[in-house]
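Please keep the sequence and the coordinates at hand while following them.

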Amino acid sequence: MQFELTKEFLDEIRLAIDVNDFATVDERILDLHEADIADILDELNNAQAKAVYYRLNEDLQADVLMELEEEVRERFIKSLTPVQIAEQLENLDSDDAVDILGELSQREQVEVIAEMEDDDAAELVDLLNYDEDTAGGLMQTEYIQARENWPVNRAVIELRKQAEDVDKVYTIYVVDALDRLVGVLSLKSLLFASPKTAIGDICIRKNVISVPTGMESEEVAKVMEKYNLVSVPVVSLQKKLVGRITIDDVVDVIKEEADKDFQMASGISEKVESNASVWKTSRARLPWLLIGLLGGILGAQVIGSFESTIGAVPALAFFIPLIAAMGGNVGVQSSAIVVQSIANGTSQFGSILSKVGKEALVGLLNGVICSVLIFLITFVLEDVILGLTVSISLFTVIMFAAMFGTLVPLVLDKYKIDPALATGPFITTVNDVLGLFIYFMIGIMLYGI
């Protein structure tokens with residue numbers, strides 16, 4: 001049965017902690033899933049969370065720690081001494097441990113590492129040298145490997161020893177005498193093989209998928225998605241096996257990238273957590289607000305420069321919001337489709353020209369439909385020239401916005417700039433200004449002003 005966190009449950013836990021009734025705490029919490037326990041700790045203050053946390057066994061502590069909300073975990077870790085942090089890191093997988101260690105200041109890192117066992121400390125120091133957004137920064141060094149010259153009976157003995165440090169075994173990696181990855185072995189193949197068979201004779205050597213330590217985390221996610229992998233080996237420049245990346249880490253990468261793209265498309269220029277300071281939140285939002293402000297000023301300048309036109313035909317002013325809104329909406333729609341295509345890795349199958357051509361056809365169809373509708377509406381108002389002006393302008397603006405919204409993300413991607421920028425205020429602002437200019441120019445031509 002799924003656990004449901006309620007206010008009454010939290011009040012009961014808080015009261016039990018306050019009166020040192022840890023029998024109730026143990027009874028209500030210890031048998032829960034680690035994700036549910038993390039949800040409870042997210043709602044408690046630091047002192048209460050620590051009281052519950054240290055009631056858990058070491059394995060459960062490690063699982064719960066990584067399930068905590070990022071800001072809660074950061075606050076919780078900072079409330080611990082270097083000795084306590086070192087103890088927690090030694091219970092974690094290396095990839096999780098280095099993530100937490102990387103959140104500490106350099107001085108705190110040195111203090112914590114000094115309290116750890118030499119082997120564990122050396123391992124984490126090595127991982128800290130990798131950029132966190134690469135395969136090396138994402139990988140864990142706990143994995144199962146077998147040498148290709150081992151017979152099956154020896155491999156089983158060796159793998160049992162290695163498995164003590166590995167929580168989840170997805171695949172056995174096969175290496176040669178120089179620790180270079182040469183193949184993969186499934187547990188099924190190992191179980192059904194005769195004891196004296198060499199591992200190299202039963203492993204799969206063809207089309208072994210691996211990633212280099214320097215590959216960007218987004219690319220790793222694409223590789224695992226393309227080949228439906230639950231884990232992928234990581235190799236050095238010399239093709240030596242140095243770690244593995246599991247599906248749970250890739251899911252985190254996908255979520256982070258989706259959050260970043262959503263914020264960027266909303267006009268937020270850097271990652272902002274919910275508990276970020278007012279200054280940091282303002283700093284992330286202000287650049288695009290200033291761009292929007294500039295766009296508004298330019299739009300006002302365009303309208304001002306056609307003041308005489310509006311004076312001669314005041315009805316033109318009625319449709320200014322329509323032209324601006326439609327141009328911005330179409331541009332965002334087109335750019336969003338292209339950005340999604342780039343994110344899925346499908347943009348490589350079509351040239352820029354074909355992308356622009358497709359969006360031009362879509363813009364043509366939508367422009368014709370919208371233009372006919374607006375013409376009929378204005379025709380009812382018995383102003384044929386106004387109807388032609390608005391409908392032709394709307395058609396032109398939609399066509400332009402569709403192509404512009406397609407080109408911008410493709411160009412940004414070509415120059416290694418995040419194309420998600422194109423789905424935000426930039427597209428809307430440019431289309432607003434140029435759309436108004438097109439509208440008034442068409443009005444001047446048709447009215448002969």
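The model is predicted: local features need pLDDT of at least 70 and side-chain atom pairs count only at pLDDT 80 or more, while totals for chains, interfaces and linings use all residues. Residues are numbered from 1 along each chain as its sequence is written, and side-chain values use heavy atoms, with hydrogens and water left out.

The axes of α3 (residues 34-43) and α5 (residues 58-67) come within 8 Å and cross at roughly 60°. Such axes are lines fitted to C-alpha atoms, for helices over the stretch in contact, and angles run from 0 to 180 degrees between N-to-C directions. Helices (H or I, at least four residues) and strands (E, at least two) are DSSP runs, numbered from the N terminus. The crossing of α3 and α5 is right-handed; that term applies if the near helix is turned clockwise from the far one by less than a right angle, and left-handed applies if anticlockwise. On the α3 side, Glu-34, Ala-35, Ile-37, Ala-38 and Leu-41 meet Leu-60, Asp-63, Val-64 and Glu-67 of α5, where contact means heavy atoms within 4.5 Å. These residues divide into 6 nonpolar, no polar and 3 charged, given that Ala, Val, Leu, Ile, Met, Phe, Trp, Tyr, Cys and Pro count as nonpolar, Asp, Glu, Lys and Arg as charged, and the others, Gly among them, as polar.

Within α3, the residues Asp-36, Ile-37, Ala-38, Ile-40, Leu-41 and Asp-42 are buried (under 20% relative accessible area, with exposed over 50% and partly exposed in between; 1.4 Å probe, protein chains only). Their cover includes α1 (7-18), α2 (22-29), α4 (46-53), α5 and α6 (70-78).

Two of these covering helices also meet each other: the axes of α1 and α2 come within 8 Å and cross at roughly 145°, in a left-handed crossing. Phe-9, Glu-12, Ile-13, Ala-16 and Ile-17 of α1 meet Thr-24, Val-25, Arg-28 and Ile-29 of α2. By class, this contact has 6 nonpolar, 1 polar and 2 charged residues.

Attention now turns to the aromatic rings. Rings of Phe, Tyr and Trp (its six-membered ring) pair if their centres lie within 6.5 Å; planes under 30 degrees apart count as stacked, over 60 as edge-to-face and the rest as tilted. The count comes to 8 aromatic pairs. Phe-306 and Phe-437 form an edge-to-face pair, 6.0 Å centre to centre with 65° between the planes. Phe-306 lies in the loop between α17 (278-305) and α18 (307-312), and Phe-437 in helix α22 (residues 425-447), 131 residues apart. Phe-306 is buried at a relative accessible area of 7%, whereas Phe-437 is partly exposed at 42%. Phe-306 also forms a stacked pair with Phe-440, 5.0 Å centre to centre with 15° between the planes. Because Phe-440 lies in α22 and Phe-306 in the loop, this pair ties together parts that are 134 residues apart in sequence. Phe-440 is buried, with a relative accessible area of 1%. Phe-306, Phe-437, Tyr-439 and Phe-440 form one aromatic cluster.
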